[in-house]
Amino acid sequence: MTLAPSDYAFHLSNSLSPQNRLMKYIFTHFFFYVLLGVSMAHAQTPITGKTNLQISDACIVPEQSSLTILAHSPNFGFIITDDPSNTWYYAWGQNRAPASHFRLLCDTWPVIVVRDGFLWEYQPVGPFPWAAPLYGILPLGGGDSPGVLDVASGAEDDSLIFIATKDGLLKSMARGNSWEMIDSASTSMVHVHAAGDHIVYTDRAVSLDGGLNWRGGRFQNPQIELEDAKIISLESEPDRVWTCNQAGLYRWDEHGKRGALFSNLDTHGPCRDLLIHHMHEHIMWMGTENGLWVTIDGGETWRKRTKDVGNLPVTWVEFVSNEQEWPDLLVGTWGKGVEILPSAKTALDLLTTSEQDEVPGASVLYGSYPNPFRSRVTIQFVVSEPSNVQIDVLDIIGRQVDVVVNQSYGPGRHQVQWENVSHSSGVYFTRMRVNNRDVGVLKMIHTQ
């Protein structure tokens, strides 16, 4: 599919109320033909090439037959493409100006966009493209802007929408047709956990019952500055989220009670986005102000990917598809647009080989996951040549508590599992010895 100028949505008046969705549909399509000429006049000139194309955020548009990417650029405003290596088009035909504040939500269809305080429902392709306000009549004060700062849809039901505003947190069970104020305090961030619609995070508190009751904790620490944070969660880890912003990359356990910094700002730079592998949760990619970083041990250690994007700020990282184990990566940059990088499996090669060689240069103990772990942990290591490998577990004062393996291994990557069934919770260390020589020690945390 090749996108034509007529495929792009236009901007309707902010005064349109979406309370009656049928009227919104009729109103939108009636004025489509009236405004199409103006819209096309503004959209006919494509943005060619990627020279100095700055991407501040992006998302993959669902319901399309080809890869369609909607992005925001401080150069050009909202732009869209199905060929990121070549040509982009203006997504909002009548208005190319960049937004001073925005959020993109592509987990729903049509797409939902926060633009300078207003909430929009945006359908970027199709025979009748349109953009219409989704923000309805709300129990808020007056003013030129409703002050929407963030938006989140349900993980299980995308008709469920939460919006964080300057006047409070609102919830809609009907995709914007009606709203309920569930917290009257100013809220700048909202996230619905991937594990279920009942787990909701804001910059102030956490709810485990869909917003009926809230509790605070370290997660609301103002030093973390969650206003501009991206929140990442996994369905398999219902009590954990990651926050990524100018304060760095933090992991929060027990629904925000415990937090830990997982990236060094002096080394990595402020965090702009985080991608966790959908099948290997210990493998992650972090976009920062100075490049793309990768970890295969759950964030304990990071290595920079110097190819393709170099030291450019990386603002968005996503898989082309989750239908295969090692799909290509989409990487939004501040200067080269969106890059498509080879299979994500090369992340493992970056950490287990040199950039010049195709085989491991040395035997190394390189990871354990999950960490912390409750009962069973997977220990990962690389062997450079046929060798005898011994993996021990030590307690906090260095005493051996178990021998996981003591046998011969051939060259390549390997992993073994240790199950802690008789030892108390606390800090342990994994030690690797190759041919009776110590090659590495890693810390593990066992929790009940």
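Q: How do you know whether F373 and W418 are buried or exposed?
A: In this predicted model, F373 is buried, and W418 is buried as well, which means that each has a relative accessible area under 20%.

Q: What makes F373 and W418 an aromatic pair, and why is the pair called edge-to-face?
A: The structure holds eight aromatic pairs, and in the one formed by F373 and W418 the rings are 6.1 Å apart from centre to centre, with 65 degrees between their planes.

Q: What makes a set of residues the largest nonpolar core here, and which residues have the most contacts inside it?
A: A nonpolar core is a set of buried residues of the nonpolar kinds, joined through side-chain atoms within 4.5 Å, and the largest such set has 18 residues, with F381, V389, I391, V404 and W418 having the most contacts inside it. At least two residues of this core come from each of β30, β31 (387–394), β32 (400–409), β33 and β34 (426–434), and β30 supplies the largest share, four residues.

Q: Why is the link between C59 and C106 called a disulfide?
A: Their sulfur atoms are 1.9 Å apart, and a pair of cysteine sulfur atoms within 2.5 Å is a disulfide, so this pair qualifies. C59 lies in strand β3 (residues 57–60) and C106 in the loop between β7 (102–105) and β8 (111–115), 47 residues apart.

Q: Why do C59 and C106 count as buried?
A: The relative accessible area of C59 is 9% and that of C106 is 10%, and because buried means under 20%, both residues fall in that class.

Q: Why is the disulfide of C244 and C271 called left-handed?
A: The sulfur atoms of C244 and C271 are 2.0 Å apart, and the torsion about their S-S bond is about -100 degrees, so the disulfide is left-handed. C244 is in strand β19 (residues 241–245) and C271 in strand β22 (residues 271–276), 27 residues apart, and both cysteines are buried.

Terms used:
Residues are numbered from 1 along each chain as its sequence is written. This is a predicted model: local features need pLDDT of at least 70, side-chain atom pairs count only at pLDDT 80 or more; totals for chains, interfaces and linings use all residues. Side-chain values use heavy atoms; hydrogens and water are left out. Rings of Phe, Tyr and Trp (its six-membered ring) pair if their centres lie within 6.5 Å; planes under 30 degrees apart count as stacked, over 60 as edge-to-face and the rest as tilted. Buried means under 20% relative accessible area, exposed over 50%, partly exposed in between (1.4 Å probe, protein chains only).
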